[in-house]
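The entries follow in the order in which I looked things up.

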Amino acid sequence: MKTPLKILIVIALAACVAGAVALKQSKAPSQAPPSATAAVASESTGGRLDQAPPAPAGAPARPAAAAKLPRLVDLGAGKCIPCKMMKPILDDLKANYADRFTTEFIDVWENPDAGRKYGIEMIPTQIFYDTEGKELFRHVGFFGKEDILGKWKELGVDESAPSSAAGN
């Protein structure tokens, strides 16, 4: 077997392992040891990141009207495959549910300080905040639209129908 093929197989296996870790963590986030994701964080960001308040410097400013809405923050990167899969979902949520909750995306590769302030260990990470800015829930990995809306419903946010302002 030629060396380039061996390298490709090793890279594919590493990607599978990283996906399995993310999947396991998304199913039981409170049971996963912190060291499980620290290794991935060390490779991509240079080490484990610190916990911080919900509104970091450099994050997109929220309009005054949105200040009273709950907030979903998705932290990822434009070149990350699961993050790319999240983009149309986040765009849809931003357009159709803007009257129920705000949706923000922060690229932690372009803004690493935001990643540190939010305590991100793996991407994508979605953080749900209440109207006061208190973190309610955190999910690591791909999170589908129905799962996000279900989580908002579980957290007491009415997400039953898209807003009429979207024109759908």
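Entry 1, the ground rules. I am working with a predicted model, in which local features need pLDDT of at least 70 and side-chain atom pairs count only at pLDDT 80 or more, while totals for chains, interfaces and linings use all residues. Residues are numbered from 1 along each chain as its sequence is written, and side-chain values use heavy atoms, with hydrogens and water left out.

Entry 2, partners of E1. I looked up where Gly-76 stands and found Asp-107 of E2 opposite. E1 covers residues 71-76, and E2 covers residues 102-107. Strands (E, at least two residues) and helices (H or I, at least four) are DSSP runs, numbered from the N terminus. E1 and E2 pair in the parallel sense over six bridges; two strands pair if DSSP finds at least two bridges between them. With helix H3 (residues 81-96), E1 and E2 make a right-handed β-α-β unit. Right-handed means that, with the strands pointing away from the viewer, the path from the first strand over the helix to the second runs clockwise. E1 also pairs with strand E3 (residues 125-129), in the antiparallel sense over five bridges. There, Asp-74 stands opposite Gln-126.

Is E1 buried or exposed? Six of its six residues are buried, so E1 is largely enclosed by the rest of the structure. Buried means under 20% relative accessible area, exposed over 50%, and partly exposed in between (1.4 Å probe, protein chains only). In a regular strand the side chains alternate between the two faces of the sheet. I checked both faces of E1: Arg-71, Val-73 and Leu-75 are buried on one side, and Leu-72, Asp-74 and Gly-76 on the other.

I found seven aromatic pairs in the whole structure. Rings of Phe, Tyr and Trp (its six-membered ring) pair if their centres lie within 6.5 Å; planes under 30 degrees apart count as stacked, over 60 as edge-to-face and the rest as tilted. Tyr-118 and Tyr-129 have ring centres 6.4 Å apart and planes at 55 degrees, so this pair is tilted. Both Tyr-118 and Tyr-129 are buried. Phe-128 and Phe-143 form an edge-to-face pair, at 6.1 Å centre to centre and 90 degrees between the planes. Phe-128 is buried at 0% relative accessibility, and Phe-143 is buried at 9%.

The charged end of Arg-71 sits over the ring of Tyr-129, 4.7 Å from its centre. This requires CZ of Arg, or NZ of Lys, within 6 Å of the ring centre and within 35 degrees of the ring normal.
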